[in-house]
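This report describes a two-chain model, one section per topic. The sequence and coordinates come before the text.

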Amino acid sequence: MAALNGAGLIRACPRAGLGHRLDAATWAELARRPDPPLLALWAEPTTIHAVFLDRGAPLPVSLPLSERRFPALSPMRPGAAAAERMIHDLWGIEAWGGQDGRPLLDHGRWELINPLSPRPLRRDAPGPVPEFRAPPAAGAHRLEYGPIPAAIDGPEHRQLILRGEEVLAAEFRPGYAHRGMLGLMLGKSPRAAARYPARLAADSTLAHSLAFALAAEGAVGVTLPPRALALRALLAELERAASHLWHLSRLAQAAQAPLPAEEALLLREVLLEAAAAAFGRRLPMDLVLPGGLAEDITPEGPARLQGALAAIGREWPRLRRQAERLARRLAGLGRIDPRLVAQVAAGGPPARAAGIDQDLRRLPGYAPYEELEPRCLIEAGGDAAARCALWLAEADDSWRMIRLLVDALPAGPWQVALPAAAGEGLGLVEGPRGPCLAWLRLDGGGLIEAAFLQDPATAQLPLLEAALTAAPLEAAEVVRASLPVPAAGMDL
Amino acid sequence: MTLPRLIAQALRPPLTRRPAAPERTEVMALAARLAATGRRAPPEALAVRHIDGGGCGGCAMELAAAQGLAHGLAALGIRFVEDPAAADVLLLTGPVTRNMAPAVARAIERLPPGALVLAVGDCALDGGVFKGSYAVLGGLETLARPDLRLPGCPPAPSRVVDAFATLIAALAQAGAGAGQERG
């Protein structure tokens, strides 16, 4: 057993459902070693689910539980701590030997205790709000603000531990945007439940809708016609470009660079107005559904998108110059250690900007990207400047792919009927901020028996906390804007 | 500093749109409601405190987009402030989650007397798709009576700008009416 690496240990276990069913001994052995890295961890009332990464490819496993606890993965994989806290809050299952026993999402105010457990209790009196970690050193002071941020933004509650103006530690308190999504999805058909992943985090609505649709389609074994795949890829790249422009604008605003801030916002408007003409809405809310799309592209859509791309192309060199000037000012700020990125298995632009080549779109079988050949874009710096440069380079590659897709949209149907059948499915999508995961299990009537959604924010929050710790206090807002981690995403 | 070509271009139609002229009947009805409830604010320079009660962030994105050059919320004199005590208007997007409810309630308590409250987006109206969850209290109305409700998921920036144009016209109307009564 010791001769096998972690992935080998998993593969030696029997196949079941989507991946492998582990026994308690194998799980305990995996908990004692750092490999393979963990992408996601969640639960059902009597099962723990995890997705590990084997050389960048997902490796799903399940662990049947005989009692309401399981050996924690967080001692060797610190990124698992947030998921273990969430599992306790939602399902009432304890990660035994975990690194952090505090609640995560439950602030003592929900109507139910352990709402997704088999028999949730009603809460009679408010419970405690999770405490921040204690200041690590004497002579340090604490600065706490939130949960209502200064800017037009979602809830955010953060604590900085300071000595003078030196930031010794940063910590965010999640949970304010917990809407009880997973509970709301239960008992619904995948098409009726699709409105929830679409409303997990607005800058990634398409990516989460797509991951959920892939999970639902995988569960019942349908394959989509080429036109649906092409339109979905087109929408995914539109969202990526729009999201990168959005975050670039917010970063420029935080860095008090009004020209690139306005310019990026204007180019995003050009894109969103064309998207509205092509698909009937500015943001792709409820556009990708299990079985295909809610509607086809309009007859004038391709021409409108080509017109927008041409207009953006004319202005792109100017934005690039302005962004390069901005990036020079950001050099060295909020630098992240690539070892931390690997340790918490964070993907997306923050990982690629720290020199780590990880992009789900370039994995085999990620249709239809084999033909689009997304470029391998990497920045080495790991700092805010690298993240800013990467957004620009990735948006540039998205323009290229959107052109390819618009010029050669396959004809034919763009949706298929989804049979009402039992099954289990997993969807993984490279969203604008990183990997978006959806999982579900359907009962014999095709209704959702259990579900899980994961936004890249969960894995990236430790990166943001580390980046803030490395930065001067006066640069905190700039660093924050260079690593977008919306509360809505991880709060569910 | 000269304005870059793009921004100069963008300030011309069709990318940049002016708010639609507010409907007179809507303005009069809103003005009457504001007068009846004692709401007042200077129509020429509204100070707005935005709060996201725990939603997906889509309405907040469209609100921020409305501030950009393409939509021109700022051209109406709208500015966003941090302290609710300095605000004429509190604008809620998203549902009020149970975890956010105490903070939102505190912000509402800090509003000056006569300040307006606006619910923007389906979730802020009544909880939207999250209505009935164990973790969601509901819409803005669970904490305060909204003076203006703007449905949509999310409402487009142009609709946010138009709603503010209507509100400003109603405030001017209500102010003029009050002045006549006193005179």
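## Surface and make-up of chain B

The accessible surface of chain B comes to about 7,800 Å², and carbon and sulfur atoms hold 55% of that area. Accessible areas come from the Shrake-Rupley method with a 1.4 Å probe, and for residues only the protein chains shown count as cover. The model is predicted: local features need pLDDT of at least 70, side-chain atom pairs count only at pLDDT 80 or more, and totals for chains, interfaces and linings use all residues. Residues are numbered from 1 along each chain as its sequence is written, chains are lettered from A and ligands numbered from 1 in the order in which they are written, and side-chain values use heavy atoms, with hydrogens and water left out.

Chain B has 183 residues, of which 56% count as buried. Buried means under 20% relative accessible area, exposed over 50%, and partly exposed in between (1.4 Å probe, protein chains only). Among contacts in chain B between residues at least 6 apart in sequence, 83% join residues at least 24 apart; a contact means heavy atoms within 4.5 Å.

## The sheet of chain B

Six helices and seven strands are found in chain B, in the sequence pattern α-α-β-α-β-β-β-α-β-α-β-β-α. Helices (H or I, at least four residues) and strands (E, at least two) are DSSP runs, numbered from the N terminus.

An open sheet of five strands has the order β2-β1-β3-β5-β7 in chain B, with parallel pairing. Its edge strands, each pairing on one side only, are β2 (79-80) and β7 (148-150) of chain B. Two strands count as paired if DSSP finds at least two bridges between them. Within this sheet, β3 (residues 89-93) and β5 (residues 116-120) of chain B pair in the parallel sense over five bridges, and Leu92(B) stands opposite Ala119(B) in β5(B).

## The interface

Chain B and chain A bury about 4,200 Å² between them, 69% of it on carbon and sulfur atoms. Buried area here is the accessible area (1.4 Å probe) that two parts lose on being put together, summed over both. Met61(B), Asn99(B) and Tyr134(B) supply 21% of the area that chain B buries against chain A, more than any other three residues. The contact takes 50 residues from each of chain B and chain A.

## Overall dimensions of chain A

Of the 492 residues of chain A, 61% count as buried. The accessible surface of chain A is about 17,700 Å², with 55% on carbon and sulfur atoms. Chain A has 16 helices and 17 strands.

## Sheet and hairpin in chain A

Five strands of chain A form an open sheet of mixed pairing, in the order β1-β2-β5-β4-β3. The edge strands are β1 (15-16) and β3 (38-44) of chain A, each pairing on one side only. Six bridges join β3(A) to the antiparallel strand β4 (residues 47-54) of chain A, where Ala50(A) is the bridge partner of Leu41(A).

Elsewhere, strand β11 (residues 158-163) of chain A is mostly covered, with five of its six residues buried. Five bridges join β11(A) to β10 (residues 141-145) of chain A in the antiparallel sense, and Leu143(A) stands opposite Leu160(A) in β11(A). β11(A) also pairs antiparallel with β12 (residues 166-172) of chain A over six bridges. The hairpin of β11(A) and β12(A) has two residues between the strands, and Gly164(A) takes a positive phi near 60° there.

## Two residues of chain A

Is Gln99(A) buried or exposed? Gln99(A) is exposed, with a relative accessible area of 54%, and is placed in the loop between β7 (94-96) and β8 (112-113) of chain A. Not counting residues up to four places away in sequence, Gln99(A) touches Ser74(A), Pro75(A) and Glu84(A).

Leu326(A), in helix α9 (residues 301-330) of chain A, is buried, with a relative accessible area of 2%. Leaving aside neighbours within four places in sequence, Leu326(A) is in contact with Ala252(A), Ala255(A), Ala257(A) and Cys388(A).
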